[in-house]
2 protein chains.
Amino acid sequence: MNLPIGELARRTGVKVPTIRFYEQIGLIAAPPRTEGNQRRYGKAEIDRLNFIRHARELGFEVDHIRELLVMSQEPQASCHQADSIAKSHLREVDRRIERLQALRGELSRMIDECGHGRICDCRIIEVLADHRQCSSEHVA
Amino acid sequence: MNLPIGELARRTGVKVPTIRFYEQIGLIAAPPRTEGNQRRYGKAEIDRLNFIRHARELGFEVDHIRELLVMSQEPQASCHQADSIAKSHLREVDRRIERLQALRGELSRMIDECGHGRICDCRIIEVLADHRQCSSEHVA
DNA sequence: GCTAGAATCTCTAGCCACTAGAGGATCAAG
DNA sequence: CTTGATCCTCTAGTGGCTAGAGATTCTAGC
């Protein structure tokens with residue numbers, strides 16, 4: 001267990017520059033270096049990076065991950081805070097789904113109504129423009 | 001019709017700095033100025049900004065909006081391209097909804113299973129950590 | 001004409017979470 | 001001892017804005 005950064009990346013699915021970035025923003029600690037100044041990691045970093053990756057995949061923000069990481073280090077503390085972070089994130093996800101679904105509806109209505117003819121008859125452009133007329137004066 | 005930027009902002013719901021930003025990236029043209037170097041807008045800019053705002057609200061990227069704007073200026077052209085932009089955007093929205101719903105499922109499962117006890121029993125932390133044990137050795 | 005305050009101007013920098021690339025050093029295998 | 005993969009630091013870019021400094025201009029009332 002004295003992994004160079006590339007090996008850590010391979011084992012955690014977090015890219016090399018991202019690992020260095022996480023070190024820079026203090027999400028992971030600066031590891032020991034070789035004589036030639038290269039980073040070497042141990043088992044703890046694999047766990048920590050996996051934790052971070054999972055949380056990121058679930059859409060948690062870095063600041064929330066920071067808190068979750070602190071908590072995970074205090075196994076005897078109450079998990080109330082973790083619960084509340086997760087719940088507020090769930091609400092946020094719900095809001096996003098709702099907005100995307102409304103948007104989806106509008107988009108697909110637009111597309112359905114498009115007659116595949118000229119721009120001036122196109123519902124897509126029309127919806128975006130809100131009020132746009134297709135006067136026959138422009139017709140060749 | 002010789003609107004200062006603030007009035008244009010009020011009428012379109014696009015914020016003043018955002019209007020200047022759109023000018024900078026070439027989404028709208030640089031308008032004429034007063035002697036004192038202040039921007040003055042006409043009706044066309046209201047329409048164009050409304051178009052842009054609607055498209056942004058529907059989640060279209062600026063580059064796509066650029067194309068849609070060009071199309072909207074050519075009323076006799078085929079709307080095939082607008083259709084395909086909208087359709088690919090719809091697919092993208094569908095993908096996002098799908099991902100968010102999977103994520104939502106995982107999150108709410110996590111939260112449901114949280115016993116609201118100690119961190120070491122907490123499903124939330126556990127799921128993130130993937131493999132973490134709550135050994136009684138740590139218990140006070 | 002004068003003044004006050006709102007609105008405008010330009011410019012730089014910051015947000016989030018990375019990603020890309022330059023230019024050079026180090027490592028491991030043969 | 002060489003080769004080629006990996007590593008290093010540093011800067012800058014992504015998208016779509018947003019914030020703030022510090023200066024100027026506009027407009028309404030007197």
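Guide: What follows goes through the surface near each DNA strand and then turns to confidence.

This is a predicted model, where local features need pLDDT of at least 70, side-chain atom pairs count only at pLDDT 80 or more, and totals for chains, interfaces and linings use all residues. Residues are numbered from 1 along each chain as its sequence is written, chains are lettered from A and ligands numbered from 1 in the order in which they are written, and side-chain values use heavy atoms, with hydrogens and water left out.

Start with DNA strand D. There are 19 residues around DNA strand D. Near means that a heavy atom of the residue lies within 4 Å of the molecule or strand. A:Gly6, A:Arg20, A:Arg39, B:Tyr22 and B:Arg56 come nearest.

Now the polar contacts (pairs of N or O atoms within 3.5 Å). The side chain of B:Thr18 places an N or O atom 2.9 Å from a phosphate oxygen of DNA strand D.

Helices here are DSSP runs (H or I, at least four residues), numbered from the N terminus. Helix 1 (5-12) of chain A and helix 2 (16-24) of chain B each supply at least two residues of the surface near DNA strand D. Helix 2 of chain B gives the largest share, three residues. By class, this surface has five nonpolar, seven polar and seven charged residues. Asp, Glu, Lys and Arg count as charged; Ala, Val, Leu, Ile, Met, Phe, Trp, Tyr, Cys and Pro as nonpolar; the others, Gly among them, as polar.

Next, DNA strand C. 18 residues surround it, and the closest are A:Tyr22, A:Arg56, B:Gly6, B:Arg20 and B:Arg39. A:Tyr22 has a side-chain N or O atom 2.7 Å from a phosphate oxygen of DNA strand C. For A:Thr18, the distance from a polar side-chain atom to a phosphate oxygen is 3.0 Å. Helix 2 (16-24) of chain A and helix 1 (5-12) of chain B give two or more residues to the surface near DNA strand C. Helix 2 of chain A has the largest share, three residues.

Last, confidence. pLDDT is the predictor's confidence in each residue, from 0 to 100. Chain A has a mean pLDDT of 85, and 91% of its residues reach 70 or more.

Key. A polar contact is a pair of N or O atoms within 3.5 Å; within protein, one must be able to donate a hydrogen and the other to accept it, and residues adjacent in sequence count only if both atoms are side-chain atoms.
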